[in-house]
Amino acid sequence: MADEAHGAEDGGLVFHPLDQFIVKPLFGGDAIHWYTPTNVTMWMAIVVLCIIGLLVLGTRGRAIVPSRIQSVAELLYGFVYKMVEDVTGKDGVKYFPYIFTIFLFILFANFLGLIPMSFTTTSHIAVTAVLGFGVFFAVTILGFVLNGPKFLGLFWMAEAPLVLRPVIAIIELISYFVRPVSHSIRLAGNVMAGHAVIKVFAGFAAITAIAPVSVLAITAIYGLEVLVAGIQAYVFTILTCVYLKDALHPSH
Amino acid sequence: MEGDIANMGQFIGAGLAAIGSGAAAIGVGHVAGNFLAGALRNPSAAASQTATLFIGLAFAEALGIFSFLVALLLMFAV
Amino acid sequence: MATEDTAVEHGAEAGGAGMPQLDFSTFPNQIFWLLVTLVVIYFVLSRIALPRIGSVLAERQGTITNDIAAAEELKQKAVEAEAAYDQALADARAEASRIVGEAKADIQADLDVELQKADAQIAAQTAQSEKAIADIRSGAMDSVKAVAKDTAKELIAVLGGKADAKTIAAAVTARMKG
C-alpha cells in the first residue's frame, strides 16, 4: 500500500499487486461474518460446478469408448489413482477419494484463478493452511490409530549409530512439524507470487515505451503460471501421499 | 523521519529476503539438472523417478517461497 | 509523509494488514466456505463420480480382456487353418509323387516285360542260330569223318591192308579227337 502512494506521486505507475486477493462480500456490505457469501464462496462454488461438470456430467454416457470430456475425467482418475497406489501401496488406495478431493479442488482453484479478473482461493494462506494442517492432523491421528506407539519409530532411525539417534530424532521431529507449514505455504506462496508478478508487469504496461515488453512478459509468466498451477496441485497431492505412506508404514 | 527510516529498513530487508528466491532458483536448477544428467545416463529408470523429482523440486522451491513470503511480510504487513 | 500515513490507514481500514492473506477477519469466512466446498466435492466424488468412473474403467478392462481373448482365439483358428492348409498341400504333394511313382513303376514293369520278351526272343533266335551252326558243324564233322573213313579205307586197301570198318572208325574218331 505504501509503494502505491509513492508510485502515484512519481507519475502514472500504480501498483496494486495484492488487491486481487482481497476478500469482498458478494452482495455489498462491509462486514464479513463466517457465513457471508463472498467472492471466496463464489469461486469455490465455480470450482464445485466445474468438478461436477467434468466428473459427473462428463461421464454421464458411461461409454466404453469415452467421449473427450469423459476421457479427461478418466485421465485424472487414473493419474491420481496410480499416484496413490505407487506411493502409499495397496493399502493406501482406500484413502484415494480424500486425496482425489484435495487434488481436484487445488487443480481447479489454481486453473480458475488464472482466468483474468478472477479470484484465486488457493492463494490464501487460510485456505491452504486448512488443507495442509488437515492433512497433517489426519495423517498423524491415522498413524497413531493404525500403528499405536510404533508410529514414533518414524523419528527413531534404527539403522543410525546410537549416538546420533537422539539428534536425528530431534531433526526428524522438527521437520515433521514443519511439514504442514511448508506444505500449505508452498501452495499459497507459489500461486500468490505468480499472480502478484503478473500484476506488477501489468502495472508497467501503463508506460507506453515498455508496454510491448510488459505484455510479452505477462504472456510468458502466464504460461509459467499455467505450468505452476498444475505442478503445485500435483506436488501437494504427492506430498500428501508421501505423508500418508509414513502413517501407514512408519518403519523406514 | 523515524517512519522514513523504518520504511527504508523494511524495503532493504525485503530486498535482502528476495535474494533467497535466487538461491532457491539455484537449488531448483541443481535438482532438475542432476535429474536430467541421471535420466540421460539411464533413460529407462527416469520415468519411475519423476515423482521423486517433483518432490525434490517442491522442497527446494518451498524455501524460496519462504523468503518471498518474508519479503512480502516486510513490505506489507510489518 | 502524509500520503503514506493515509495509505497505511487505508490499508488498515481495508483489511487490518497490508496483505489480504493476513487479514484475519476473513479467515472464518474462508475456512467455513472451504470446508463446505470440500465436503460437497467429497460427497459428489465418493457417491457419484468415482464409482461411475471406476465401473467404466473396470468394464472397459473387461471388454479389452475379452477382445484380446477373442483375438487370441481367432489367431489360434488362423494358425489351425494354416496347419490344415499345409497338411492338405503336403497330402496332395505326396499323392502326386505316389501317382508319379506308380506310373513310373508301371512303365518300368512294361518295359521290363518287353525287354524280357525281347531278350527271350533274341536268346531263342541265338539258340536256334547256334543250333543251326552246331548242326552244320556236326554235319561237316560227320562229312569229314565219313571222308576220313573212306579215305582211310581206300588208303589201307591201296597199301594192301585189310581193315574192317569198325577199327577204321575207331581210329579215325580217336585221331580226330586228338
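The model is a predicted one, in which local features need pLDDT of at least 70 and side-chain atom pairs count only at pLDDT 80 or more, whereas totals for chains, interfaces and linings use all residues. Residues are numbered from 1 along each chain as its sequence is written, and chains are lettered from A and ligands numbered from 1 in the order in which they are written.

Arg62(A) is not a glycine, yet its phi is positive, at about 50 degrees. The residue is placed in the loop that joins α2 (39-57) to α3 (68-88) of chain A; helices are DSSP runs (H or I, at least four residues), numbered from the N terminus. Met117(A), also not a glycine, has a positive phi of about 70 degrees. Its position is in the loop between α4 and α5 of chain A, and Met117(A) is exposed because it has 5 other C-beta atoms within 10 Å. Most residues other than glycine have a negative phi.

Helix α5 of chain A covers residues 125-147. Its 23 residues should span 33 Å at 1.5 Å a residue, and the end C-alpha atoms are 32 Å apart, which agrees; the expected span is 1.5 Å times one less than the number of residues. The buried residues of α5(A) include Ile125(A), Val127(A), Leu131(A), Val135(A), Phe136(A) and Val139(A), together with Gly132(A) and Gly143(A). Among the elements that cover the buried residues of α5(A) are α4 (96-113), α6 (165-204) and α7 (211-248) of chain A, and also α2 (27-159) of chain C. Gly148(A), which follows α5(A), has a positive phi near 65 degrees.

Between chains C and A, 40 residues of chain C are in contact with 41 residues of chain A, where contact requires C-beta atoms, placed from the backbone, within 7 Å. On the side of chain C that touches chain A, α1 (2-15) and α2 each supply at least two residues. The largest share, 26 residues, comes from α2(C). This side of chain C consists of 23 nonpolar, 13 polar and 4 charged residues; Ala, Val, Leu, Ile, Met, Phe, Trp, Tyr, Cys and Pro count as nonpolar, Asp, Glu, Lys and Arg as charged, and the others, Gly among them, as polar. The contact between chains C and B takes 5 residues from each of the two chains. On the side of chain C that touches chain B, 4 residues are nonpolar, 1 is polar and none is charged.

Conventions. A residue is buried if 20 or more other C-beta atoms lie within 10 Å of its own, exposed if 12 or fewer, and partly exposed in between; C-beta atoms are placed from the backbone.
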